[in-house]
Amino acid sequence: MALPIHATLTERIWHYCFLTICALIFAFLIFPILIILPLSFNAQPFFSFTSEMLHLQPDAFTTKWYEEFLTSRNWQGAVKNSFIIAFFSTIISTFLGTLAALGLSRPDFPFKTTIMGLLISPMVVPLIISAAGMFFFYSRVGLQGTHIGVILAHAALATPFVVITVTATLTGFDHSLTRAAASLGSSPTHTFFHVTVPLIIPGVISGGLFAFITSFDEVVVVLFVGSYNQRTIPWQMFSGIREQISPTIMAVATILIMISVALLVFLELMRRRTERLRGITPH
Amino acid sequence: MANAEAEVITTADGVPLKESLKKALWQRKKTALLLVAPLFLFVLITFLIPIFDMLIRSVDNSIAGEQFPGVVVEIRNWDLDSTELPNEATFQALVDDFKVGAKEKTISRLGRRLNYEQSGMSGLFRKTARKIKKLEVTESPMAAMIAIDKKWGNIDTWRLIKRESGKYSSSYYLAAFDAEKNSDGSFSMKSEDRRVYVSLFWRTIRLSFTITFLTIILGYPIAYLLSTVKTKTSNMLIILVLLPFWTSLLVRTSSWIALLQKEGVINDILVGIGLIGDDNRLAMIHNETGTIIAMTHILLPFMVLPLFSVMKTIPPSWVRAARSMGATPFTAFVRVYLPNTVAGIGAGGILVFILAIGYYITPALVGGTKGTLISNFIAYHISTSLNWGLAAALGTILLLLVLALYILYDKVVGINNMKLG
Amino acid sequence: MKVILKQTLLATAALGLVATAQADITMVVVSWGGAYTKSQQRAYHEPYMANNPGVTIVNDDSASEGASKLRAQVEAGNVTWDLLDAEAPNAITLCDEGLVEEIDFDKDLAPAPDGTPASVDFGKSLISDCFIPQIAYSTTLGYRSDIYDVAPTKMADVFDLEKFPGKRSLEKRPDPNLEWALIADGVDPKDVYKVLDTKEGVDRAFAKLDTIKDQVIWWTKGSQPMQLLADGEVAFGSAYNGRLFEAIEVNKQPIKMLWDGQALQLDGWVVPKGAPNKAEVMKYLRFATDTQRLADQAKFISYGPLRASSAPMVGKHADLGIEMASHMPTAPENMKGAIFYDFEWWADNKDDLAERFESWLAK
């Protein structure tokens with residue numbers, strides 16, 4: 001957004017004020033996340049910077065919180081559970097969600113709005129209500145406090161994301177490609193696997209990633225539908241914050257931030273690949 | 001070749017085209033429905049039915065029939081307006097039901113349930129259960145029960161039992177609106193010191209409005225910036241929005257705890273630069289302020305992203321055209337740009353509002369007692385007070401509120417147009 | 001695609017292996033965390049695990065929500081706890097509701113070394129058929145020793161914002177705050193429960209609490225008030241006496257404690273109905289509640305063992321070497337001004353007052 005040459009002094013002042021305000025808001029967004037990184041190395045079990053840290057004295061820093069995270073039985077169980085639950089719920093939700101998106105994007109789908117609404121509902125309904133409802137019902141059928149219960153619950157919460165992302169991918173999908181394949185003699189199944197799938201894979205993977213993160217980061221439903229045996233990383237963090245905040249939480253938080261950054265990079269690369277494949281170049 | 005009747009066009013295999021077309025279209029619909037069916041069934045069973053189950057619990061009162069099978073039958077003969085106690089048969093049923101319930105140790109659950117309506121019932125049931133084992137009814141069950149506790153001779157006790165003897169009860173919804181049924185059946189508001197939910201709903205809505213307003217104020221400038229710079233720059237800057245978006249909610253909340261504490265980073269900075277004294281540190285956490293600040297930060301990306309996608313569709317030439325026709329930058333902005341972004345503000349605002357009123361984790365951790373929202377109380381009733389009926393009633397009310405907002409969102413934006421950046 | 005399939009199969013197999021690998025017994029013991037759980041770990045769990053190699057004892061620190069969580073587990077049909085450390089009123093409630101097992105004290109628990117049956121050795125502390133007594137503890141007040149020129153001397157001082165300004169920390173539940181409020185408002189300790197049994201009495205207690213409400217930070221876990229006092233976030237606060245002992249004597253923090261107004265409570269074990277490893281739990285209980293063990297826990301924390309035979313065996317602190325007898329809540333010099341908890345009354349009125357308290361907090 002370049003300043004036009006004909007800008008007056010007032011406009012220039014406004015412009016720079018505006019840029020400053022934006023910078024402050026961006027700082028507001030990113031500062032809390034960055035602050036965690038140094039705090040996780042605090043030698044004292046405080047949640048703030050000690051004066052030794054500010055003077056960059058080396059013995060004010062330590063990696064013992066990371067060690068505690070890696071050796072604690074509670075955290076180890078939490079990491080294991082987080083990955084197992086997220087993995088299986090992602091598989092289920094990506095599979096079902098992609099199928100549904102394929103169906104929904106067909107041109108003459110009946111009752112599209114209603115069905116779409118129902119399928120999106122897990123995303124709209126406040127988490128506490130979903131958690132409460134699932135707690136009551138899963139208790140009745142004996143799924144409360146089981147891994148399967150949590151996996152199913154998370155899959156249900158994740159499917160809307162898959163449906164939305166894959167549907168969005170499919171709206172840009174050029175159906176003439178499938179017709180071209182058919183006209184060249186390809187059977188519908190063959191077309192599906194060799195034409196449709198490669199083109200929607202980025203959307204499916206994005207949806208899958210959304211699903212994975214939804215499950216990995218989810219805490220309210222796990223607290224109600226799961227029990228101590230299904231404790232996940234967010235569960236441990238939540239109990240840890242409520243009771244005694246030790247910087248181990250900060251160490252875990254840093255690791256999670258690193259994962260988010262990796263995820264962002266991955267998604268960006270995916271997006272560029274899609275644009276390349278579709279022949280769209282950024283302008 | 002002109003015929004008297006219209007020629008029926010057929011396809012290659014002799015079937016009329018209309019029929020063939022109908023069949024083909026129906027095939028397509030079937031395939032489409034079949035593709036959606038698995039997910040639909042899945043969401044139905046794992047999600048929709050549980051929600052429905054919760055709605056049922058908000059009115060379910062089957063515990064009365066389960067624990068007091070005899071009394072529920074006998075009390076039908078007793079009139080709510082009556083000034084006399086129920087008859088001996090009812091008291092005998094009471095003794096019998098208590099003997100069974102005390103032996104199986106289930107009767108106290110009914111006592112707890114009735115206690116939600118009238119305090120002292122839990123104690124009454126507990127005491128009666130302890131003493132009923134040794135009770136030998138010689139003549140009058142009524143006298144025997146009143147001897148165990150005077151409250152059995154109190155007509156209010158019996159009015160309560162009669163009111164709550166049906167299979168369904170509206171008392172949970174009444175409690176959710178801070179009302180209660182009186183002895184004579186009329187409704188009234190609870191005493192001042194017991195009223196909490198209406199004000200809690202107001203607080204939730206008020207705070208959510210504040211947070212939504214703040215996200216609009218903060219989100220608009222940066223969405224504008226992102227939509228007007230070069231794509232390469234915006235791709236870099238948008239990471240500053242996406243990274244918080246993708247970061248775990250708990251991570252962001254715990255960083256705010258570290259920042260806002262009395263001995264936290266922000267207070268340390270303020271003291272360090274001399275703005276406030278060391279004993280005057282700001283209390284920014286465990287109160288409403290903490291909730292507002294933390295939730296604004298967490299929900300800001302949800303405002304920025306929809307605004308950004310709307311703003312990107314506004315051609316910059318419109319503003320330039322307005323300027324060229326003599327408008328000041330301010331007028332051009334207010335009368336040309338802003339109206340076109342209203343859809344984005346609406347979309348982002350409703351989304352943020354819906355998310356805010358349902359939040360649980362952040363208020364639980366940084367809200368203290370003054371900054372907690374309705375969802376915290378729902379959680380309290382599920383896991384601590386175990387008043388599941390009330391939790392379900394509060395949850396249903398919240399759900400209806402969200403549904404109303406969602407319908408509004410659909411009108412403004414359309415579900416099919418929802419994008420996730 | 002193939003790679004993903006293989007990985008899925010491996011993951012499923014791994015999951016299956018993990019599920020079946022539990023040939024040994026893992027007992028989940030739910031307690032209060034912090035110094036208290038540490039004392040149980042050292043006095044009970046570790047010796048037991050040393051003698052029984054196939055058993056692992058895992059600590060879950062959620063006893064402060066123990067009653068409601070257990071109720072929820074039983075309602076949900078999935079009990080995962082083996083043993084719960086509960087206070088007397090909760091034990092009574094849980095027993096009345098059939099959520100915990102009834103115990104045959106003489107059969108299930110060990111007699112005293114001189115042959116006295118357990119039921120006699122525990123005496124009056126057997127307040128319920130399901131409650132296995134462990135220790136007597138009290139909730140009492142601690143304060144920073146470096147803030148006030150004139151130190152507080154009685155419990156009522158916590159309500160005095162003029163002479164003793166600064167933030168306070170109180171336990172986030174009605175008891176013993178309501179009793180303290182009434183006594184500070186002038187009620188004779190003997191009459192506290194009679195007054196609390198009336199609506200006016202309860203109103204009076206809440207009104208007194210209102211006078212300091214703005215200055216209170218509410219704690220839920222035993223380690224929190226110690227953290228708040230150590231950080232200087234509060235000047236005055238209630239805490240379990242054993243945690244105060246730990247902070248003052250072991251961690252040498254600038255904190256002092258008041259015995260005046262200490263609310264004496266009983267704490268013990270209850271066995272959840274439907275516990276996964278009941279047989280092992282009963283074996284463990286026989287060991288963990290015998291005379292020597294109860295005397296041993298007093299080596300690590302200042303809580304009084306409830307067996308008559310254990311009391312004379314209370315000796316010195318394991319690490320510090322100081323005599324523990326004078327730090328016990330039941331020591332004669334500490335008993336002046338103590339409040340005796342009415343367990344039955346609280347068992348009956350707990351739920352009611354808890355809800356009233358929660359509403360009061362939210363205002």
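Colleague: In chain C, how many residues of domain 1 are in contact with domain 2?
Modeller: 20 residues of domain 1 of chain C touch 18 residues of domain 2 of chain C (contact means C-beta atoms, placed from the backbone, within 7 Å). This is a predicted model, where local features need pLDDT of at least 70 and side-chain atom pairs 80 or more, while totals for chains, interfaces and linings use all residues. Residues count from 1 along each chain's sequence as written, with chains lettered from A and ligands numbered from 1 in written order.

Colleague: Where does chain C get divided into domains?
Modeller: Domain 1 is 2-136 + 267-332, and domain 2 is 139-263 + 335-362 (bounds from an automatic or database assignment). Their C-alpha centres sit 27 Å apart.

Colleague: Switching topic: how many residues does the contact of chain C with chain B take from each?
Modeller: Chain C puts in 22 residues and chain B 25 residues. On the chain C side, α3 (66-76) and α14 (343-362) each give two or more, and α14(C) gives the most, with eleven residues. By class, that side of chain C has six nonpolar, four polar and twelve charged residues.

Colleague: And chain A with chain B, how many residues there?
Modeller: 79 residues come from chain A and 77 residues from chain B. Helix α1 (residues 9-39) of chain A gives the most to the chain A side, with 14 residues. That side of chain A splits into 63 nonpolar, eleven polar and five charged residues.

Colleague: Inside chain B, which residues of α17(B) meet α20(B)?
Modeller: Among them are B:A343, B:I350 and B:F353 of α17(B), and the α20(B) residues they face include B:L398, B:L405 and B:Y409. The contact of α17(B) with α20(B) divides into 14 nonpolar, one polar and no charged residues.

How values were computed. Contact = placed C-beta atoms within 7 Å. Helix = DSSP H or I, 4+ residues; strand = E, 2+ residues; numbered from the N terminus. Nonpolar A, V, L, I, M, F, W, Y, C, P; charged D, E, K, R; others polar.
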